[in-house]
Amino acid sequence: MSAAPMPVPPARRYVPALVEVSARRGVTVTVKRQPNLARWAVHTQDASGAPIVIAGPDGSQEQNPSNKELAAQIAAAVSSLGVEVGQVYCAEYETSNILKTKTDLPVTDLSPNPEAVAAAREGIEEVERRMVSGLVLACDASRGKGRNVNGCGWVLTYRTGADPVIGAYSKVADHGRIRAGELTAIRRGLQQAVNLHPVLRTGAGDLTVLSDSQNALDLIARYNAGEDCTAEDSEALKECGRIAGLTRGMKVNFQWVRGHAGHPLNELADRLAKLARRNHELGVDEVTHRSMVNAVREDAKTLLASPAV
């Protein structure tokens, strides 16, 4: 009769997954992309265990790179770390695919160390804080004579040279008239700026809002100063309240510009506002409307890339 089988110690001691992942060392890469720009960071440690973080793009690099350009920027950063690379861990699946196909980096499919990812993302936040310095948001509205549709347009530009962000919106307004439309344009533009760059709400950077409506800017100033504005129309006051909420904690400056005087950003915002209003009045379908807005976006990129602007 054979002896009963005896248990033996496991070949490898069980290690919780979190401990296993947290022990990983190498280079960690993370990327944050938006339609108009990209930010990235690489993280590793030196021989003493001190963190090394390089984040970009810097002022000399393309702010809205293609996948090939993005991979080249990251590969150059990894090369400049001055350490043995080992393995490259990516925080995002898409980033992993880009680096595998566009570079010779030793990219692994294993998950990166969470602490390394957090440190790399802090590097991206630092790039973000630099990026939101000197933002300019131009806003305008359009309303046809005897009509009740307000068209709103806005253009957000970057000192770093990132692609501009544009928007076009229309709204039926039976009571608010054109001033309410101007305020809606400002509010919608601010909303998009804050959605793209929440760090603005922490006081980072600064934003200048341009409008050719002195009436709208005067009402914002009076509302923010706590003056009695109860005699003003309700729709305009609602928009002032929304603007005050959006700009809480932000460094924002409202500035008047003369309309139809050749100011490039004001002209772009005016073009978008008219486009939104006319398309609404004519019943243009959403696909065609988006195509027309995209055409303005390409024109804006070309215009703002000109040294004269």
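This is a predicted model: local features need pLDDT of at least 70, side-chain atom pairs count only at pLDDT 80 or more; totals for chains, interfaces and linings use all residues.

User: In what order do the strands of the open sheet of 4 strands lie?

Analyst: Start from the edges, where strand E3 (51-56) and strand E4 (88-90) each pair on one side only. The pairing is mixed, and the twist averages 20 degrees from one strand to the next. Read across, the order is E3-E2-E1-E4.

User: Which residue in E2 stands opposite Thr 30?

Analyst: Strand E1 covers residues 27-34 and strand E2 covers residues 37-45. The two run antiparallel and are joined by 7 bridges. Across from Thr 30 you will find Ala 41.

User: How many residues of helix H5 are buried?

Analyst: Helix H5 spans residues 177-196 and reaches 29 Å from its first C-alpha to its last, close to the 28 Å expected. Buried here means under 20% relative accessible area. By that cut-off H5 is mostly covered, and of its 20 residues the buried ones number 14.

User: Which element gives the most to the largest nonpolar core?

Analyst: That core has 36 residues, and Leu 156 and Leu 183 are among those with the most contacts inside it. Several elements supply at least two residues each, including helix H4 (114-131), strand E5 (135-143) and strand E6 (149-157). Another core, of 17 residues, lies apart from it, with Val 31 and Leu 70 among them.

Notes
Residues are numbered from 1 along each chain as its sequence is written. Side-chain values use heavy atoms; hydrogens and water are left out. Two strands pair if DSSP finds at least two bridges between them. Axes are lines fitted to C-alpha atoms, for helices over the stretch in contact, and angles run from 0 to 180 degrees between N-to-C directions. The expected span of a helix is 1.5 Å times one less than its number of residues. Buried means under 20% relative accessible area, exposed over 50%, partly exposed in between (1.4 Å probe, protein chains only). A nonpolar core is a set of buried Ala, Val, Leu, Ile, Met, Phe, Trp, Tyr and Cys residues joined through side-chain atoms within 4.5 Å.
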